[in-house]
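Welcome! Here is a short tour for anyone meeting this structure for the first time.

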Amino acid sequence: MNERAIHKAADIIKRGGIVAFPTETVYGLGADAFNPMAVARVFEVKQRPYFDPLIVHIGDLSEINKLIKEIPYDAGRLIECFWPGPLTIVLFKKENVPDIVTSGLQTVAVRMPKHEMTLKLIKLSGTPVVGPSANPFGYLSPTKAEHVREQLGDQIDFILDGGPCEVGLESTIISFVEKNPKLLRPGGIPLEEIEAIIGKVEIDVNNHKNPSAPGMLPKHYAPRTPILLEWSQKTIRKYRDKKVGLLAFKDPGPLDSINPIEVLSKNGDLREAAANLFTAIRRLDQLGLDLILAEPVPEVGLGRAIMDRLQRASHKGAIN
Ligand code: TXA
Ligand code: MG
């Protein structure tokens, strides 16, 4: 662990600067959650609309008391099972959590990331740290420090490099502010695992009109190259004379009509596919292709979150 880098990053956060930090899901763009000016800079750098609230990251369980009034029983059980880890919970906030963090909502999203460097960074900073994904708004989330460098490098104060992200998909978001728990965003913890602990969870991931989690906007996570979530010999033939790349879930066997091909997981392992997803799309996106054809994955476990991101990344109808 690079102690010097962690101390440097913590100093920057304490002084109101902004730092990209590693987590098990994706890289975040950090600032002191209780410093509205620093948080405003995070919005500016990301060009993120102010109506889209941020997740606050804590380094120690006791820190949650700075942010929320009380923890409902079921939320507590999820915290016990999954923190530190890729689970964000939305709860009623304390008055002093700045409005800019929550976009004026009475609720706040909180998570404890599973990454030694970042847990230490937050503890040393002495404050909860906001952390939207460290990408320009609407683009793919970064899963390596170099992705952050490419996209935001010259606009932020420091990048804490913690290697590639292990999970590769953003956290699962569960809200506890209504009568029943609600899934707002599928992510790194499969819904099945959550329901095994607290029972049935309502699904509310497609509320586009007035999104309470704008990560739900239909075109979020979009690369520049159009993606078509379709996979058949017929589609491949249809786009024969275009420059087409393939995003395969598992080994497609010999296919000489198409090149390049990115395989998410040779043996069709969803965990491995999730970890490779954003990097693979990014690589294809840099090749100047006309179209990326993506293979659907089974919608179970992590497959639900992978399909959610692929659907949002696909520009249906943009090319025909
Ligand atoms: O895995 C992650 O969660 C990553 C890493 C860096 O921790 N962070 C992340 O942040 O994905 P971001 O800002 O890209 O996505 C945060 C999502 C948004 O869709 C936002 O609308 C939702 O969380 N959110 C934040 N506060 C909320 C609230 N009070 N109520 C409902 N949704 C909220
Ligand atoms: Mg994001």
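Predicted model: local features only at pLDDT ≥ 70, side-chain atom pairs only at ≥ 80, totals over all residues.

**The largest nonpolar core**
- The largest nonpolar core holds 50 residues, and Trp83, Leu87, Val130, Ile156 and Ile194 touch the most other members.
- Several elements each supply at least two residues of this core, including strand S2 (28–32), helix H3 (73–82), strand S4 (87–92) and helix H7 (191–198).
- Helix H2 makes the biggest contribution to this core, giving 6 residues.
- Beyond its neighbours within four places in sequence, Ile194 is in contact with Leu78, Phe82, Leu87, Thr172, Ile174, Ile189, Gly199 and Val201.

- Another core, of 27 residues, lies apart from the largest one, and Val26, Phe249, Ala274 and Leu284 are among its members.
- In soluble globular proteins, nonpolar side chains tend to be buried together.

**Helix H9**
- Helix H9 covers residues 270–285, and its 16 residues reach 22 Å from the first C-alpha to the last, close to the 22 Å expected.
- A kink of about 45° is centred on Leu277.
- Buried residues of H9 include Leu270, Ala273, Leu277, Phe278 and Arg282.
- The partners that the buried residues of H9 pack against include helix H6 (145–152), strand S12 (244–248), strand S14 (291–294) and helix H10 (303–313).

**Arg312**
- You will find Arg312 in helix H10.
- Arg312 counts as buried because its relative accessibility is 4%, and the cut-off for buried is under 20%.
- The Arg312 side chain reaches the backbone oxygen of Val205 at 3.3 Å.

Terms used
Residues numbered from 1 in each chain as written. Chains lettered and ligands numbered in written order. Heavy atoms only, no water. Helix = DSSP H or I, 4+ residues; strand = E, 2+ residues; numbered from the N terminus. Expected span 1.5 Å × (residues − 1). Bend = angle between axes of the 7 residues up to and from the residue. Buried < 20%, exposed > 50% of the residue type's maximum accessible area, 1.4 Å probe, protein only. Contact = heavy atoms within 4.5 Å. Polar contact = N/O pair within 3.5 Å; in protein donor to acceptor, adjacent residues only side chain to side chain. Core = buried A, V, L, I, M, F, W, Y, C linked by side-chain atoms within 4.5 Å.
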